[in-house]
Amino acid sequence: MNLLLLKQLTILSAFAGALLGLLGVVSYPTFVFSILILILAMAVIVLVYLKQNDLIGIINVKEGCIFGAIIGFISFLGFSAVFAPISMLLGWLVPSYTLGWLRFFMGGFGTFVVMLFLIVFMAGISALFNGFGGLVTAYVYELITGIKKENNQNSSVDFEIK
């Protein structure tokens with residue numbers, strides 16, 4: 001696997017997720033907007049950004065799916081790492097700042113473990129949807145450019161999905 005590309009995807013998606021986490025703290029509509037972008041379109045945004053700046057070469061549909069899943073999972077973890085502590089802190093400091101489902105997790109250790117399980121579960125769902133988004137993005141780039149990655153070319157992904 002191309003480790004440089006994997007590092008670029010990880011850093012860029014974690015940064016984008018953290019920015020959406022900061023944006024989600026502002027109000028409920030921005031929270032909903034952040035979650036929708038995060039789950040449905042983050043892979044498309046990151047892959048298009050990488051293609052526009054020539055940071056990624058020709059990718060096939062399988063690589064687009066794998067990259068999209070990685071982007072979705074890491075970006076949701078970045079979102080949760082920024083959003084959850086800030087909103088909990090605001091819930092403790094400002095009693096009028098309430099996100100009802102988040103108040104439940106301000107209890108003890110058991111509720112913290114449940115929150116971690118929910119974060120990982122939602123990151124998996126985000127990986128699933130963003131994997132499909134990455135697949136569609138790679139397919140559309142193949143259609144637009146007319147260039148397909150040949151099987152005998154140097155591949156950026158070493159493992160095969162069967």
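User: Which residues does Phe79 touch, leaving aside residues up to four places away in sequence?

Analyst: This is a predicted model, in which local features need pLDDT of at least 70 and side-chain atom pairs count only at pLDDT 80 or more, while totals for chains, interfaces and linings use all residues. Residues are numbered from 1 along each chain as its sequence is written, and side-chain values use heavy atoms, with hydrogens and water left out. Taking contact to mean heavy atoms within 4.5 Å, the residues that Phe79 touches are Gly17, Ala18, Leu20, Gly21, Phe31, Ser34, Ile35 and Leu38.

User: How many helices and how many strands does the chain have?

Analyst: Helices (H or I, at least four residues) and strands (E, at least two) are DSSP runs, numbered from the N terminus. Read from the N terminus on, the elements run α-α-α-α-α. The count for the chain is therefore five helices and zero strands.

User: Why is α1 described as roughly antiparallel to α2?

Analyst: Axes are lines fitted to C-alpha atoms, for helices over the stretch in contact, and angles run from 0 to 180 degrees between N-to-C directions. Angles under 35 degrees count as roughly parallel, over 145 as roughly antiparallel, 65 to 115 as roughly perpendicular and the rest as oblique. The axes of α1 and α2 come within 10 Å and cross at roughly 155 degrees, which means that α1 is roughly antiparallel to α2.

User: Which residues of α3 make the contact with α2?

Analyst: The axes of these two helices, α2 and α3, come within 8 Å and cross at roughly 145 degrees. On the α2 side, the contact is made by Phe31, Ser34, Ile35, Leu38, Ile39, Met42, Ala43, Val46 and Leu47. On the α3 side, the residues are Gly64, Phe67, Gly68, Ile71, Ser75, Phe76, Phe79 and Phe83.

User: How far apart in space are Ile86 and Val25, C-alpha to C-alpha?

Analyst: Ile86 lies in helix α3 and is partly exposed, with a relative accessible area of 31%. Leaving out residues up to four places away in sequence, Ile86 touches Leu22 and Val25. Although Ile86 and Val25 are 61 residues apart in sequence, their C-alpha to C-alpha separation in space is 7.4 Å.

User: What is the phi of Asp54, and is this residue buried or exposed?

Analyst: Most residues other than glycine have a negative phi. Asp54, placed in the loop between α2 and α3, has a positive phi of about 55 degrees although it is not a glycine. With a relative accessibility of 65%, Asp54 counts as exposed.

Conventions: Buried < 20%, exposed > 50% of the residue type's maximum accessible area, 1.4 Å probe, protein only.
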